[in-house]
Amino acid sequence: MNDHQFLDAYFDRIGYKGPRIPSLDLLNNITLAHVQSIPFENLDILLGKTIDIRLDAVFEKLIIQKRGGYCFEQNGLLLLVLQKLGFEVTPISARVRLDRPRDFTPPRTHVFLRVELSGKSWFTDVGVGGVSLTSAIQFIQNTEQKTNHETRRIVCEGNRYFHQVLFPNGWVDVCEFTLEEMPEIDRELANWYTSNHPKSHFKDRLIVARAGENGKRFTLVNREFSERDKNGISNKTIIKSPKELIKLLKENFNLTFPLDTEFQTSGIKWDL
């Protein structure tokens with residue numbers, strides 16, 4: 001498959017039909033379309049399958065099979081797309097800090113992308129679940145930045161940067177980073193930990209997320225389905241049965257599984 005065919009398939013998957021000349025508009029449009037079309041999900045881990053982050057495997061899963069994936073798949077795919085479009089882009093390593101206190105050190109098992117445009121650095125991240133970026137944010141400190149969904153900012157403390165999101169109850173850490181690049185071998189090692197280590201949070205819970213229109217977010221964590229509006233207000237529903245779960249995955253995330261599919265995780269206990 002040549003570059004043109006690859007990009008055609010990707011843009012068809014995310015429903016983008018605009019110009020392909022590298023620009024901030026293109027970066028923003030791709031970021032939004034990607035997170036609205038390709039859900040974040042860890043379902044293969046719960047089905048006992050290997051997470052293969054080689055690019056041919058990611059293309060097959062996310063584009064051909066129309067599945068989703070997590071950061072190494074999502075941002076790995078976007079990294080290749082941006083490179084083929086002619087962007088100057090670098091994968092950056094990070095520690096996810098959502099729902100984690102500052103005195104806890106999470107593993108460095110996240111990757112996001114740094115893009116250079118006209119002498120300025122921009123970050124995009126389509127692989128951090130329910131807070132994946134829906135437009136790029138500039139690498140500037142202590143400045144509120146509007147996106148297509150939430151407001152963001154980057155703060156620096158010591159030698160660490162923190163990407164933060166503004167929720168109704170205040171600023172929340174998304175991830176921590178030092179601008180260190182994350183080469184392929186490091187992504188491969190971190191992917192093994194994320195998908196196989198018993199203490200990986202992807203082993204003990206089911207997570208699916210997708211951005212919607214008008215600032216909406218759709219997130220499924222185990223049996224709890226949440227629809228969050230542009231003001232950060234959530235409407236939550238508890239899934240009552242395995243069949244209801246399969247139906248919800250199709251209707252809200254366009255993920256198709258047989259009705260008898262069982263996701264193996266300690267996070268789901270059915271009251272049957």
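**Reading contacts, pockets and a sheet**

Me: Which residues is Thr134 in contact with, leaving aside its neighbours within four places in sequence?

Reply: Contact means heavy atoms within 4.5 Å. Leaving those neighbours aside, Thr134 is in contact with Asn28, Thr31, Leu32, Val35, Thr147, Asn148, His149, Ala211 and Arg217. Please keep in mind that this is a predicted model: local features need pLDDT of at least 70, side-chain atom pairs count only at pLDDT 80 or more, and totals for chains, interfaces and linings use all residues. Residues are numbered from 1 along each chain as its sequence is written, and side-chain values use heavy atoms, with hydrogens and water left out.

Me: Where does Thr134 lie, and is Thr134 buried or exposed?

Reply: Helices (H or I, at least four residues) and strands (E, at least two) are DSSP runs, numbered from the N terminus. Thr134 sits in the loop between β4 (120–124) and β5 (137–138). Buried means under 20% relative accessible area, exposed over 50%, and partly exposed in between (1.4 Å probe, protein chains only). With a relative accessible area of 0%, Thr134 is buried.

Me: With which side chain does the side chain of Thr134 make a polar contact?

Reply: A polar contact is a pair of N or O atoms within 3.5 Å; within protein, one must be able to donate a hydrogen and the other to accept it, and residues adjacent in sequence count only if both atoms are side-chain atoms. Here the partner is the side chain of His149, at 3.0 Å.

Me: Where is Asn28 placed, and what does Asn28 touch?

Reply: Asn28 belongs to helix α2 (residues 24–37). Asn28 is buried, at 19% relative accessible area. Not counting residues up to four places away in sequence, Asn28 touches Thr134, Ser135 and Ala136.

Me: In what order do the strands of the open sheet stand?

Reply: Two strands pair if DSSP finds at least two bridges between them. In this model, 5 strands form an open sheet in the order β1-β10-β11-β12-β13, with antiparallel pairing. β1 (40–41) and β13 are at the edges, each with a single partner strand, so one side of each is left without a neighbour in the sheet. β1 pairs with β10 (residues 207–211) over 2 bridges in the antiparallel sense, and Phe40 has Ala209 in β10 as its bridge partner.

Me: How much space lies in the largest pocket, and how many residues line that pocket?

Reply: Rolling a probe the size of a water molecule over the atoms shows where empty space is left. On a 1 Å grid over the protein atoms alone, a pocket is an open set of points where a 1.4 Å probe fits, with protein on both sides within 12 Å along at least five of seven lines; lining residues have an atom within 4 Å of a point. Grid points are joined across faces, edges and corners, and a volume is the space filled by probe spheres set on the points. The largest pocket holds about 880 Å³. Its lining has 29 residues, of which Leu98, Asp99, Gly130, Thr219 and Val221 lie nearest the centre. β11 (217–221), β12 (224–228) and β13 (234–238) are the elements giving two or more residues to this lining. The largest share, 3 residues, comes from β12.

Me: Is Val221 buried, partly exposed or exposed?

Reply: Val221, found in strand β11, counts as partly exposed at 35% relative accessibility.
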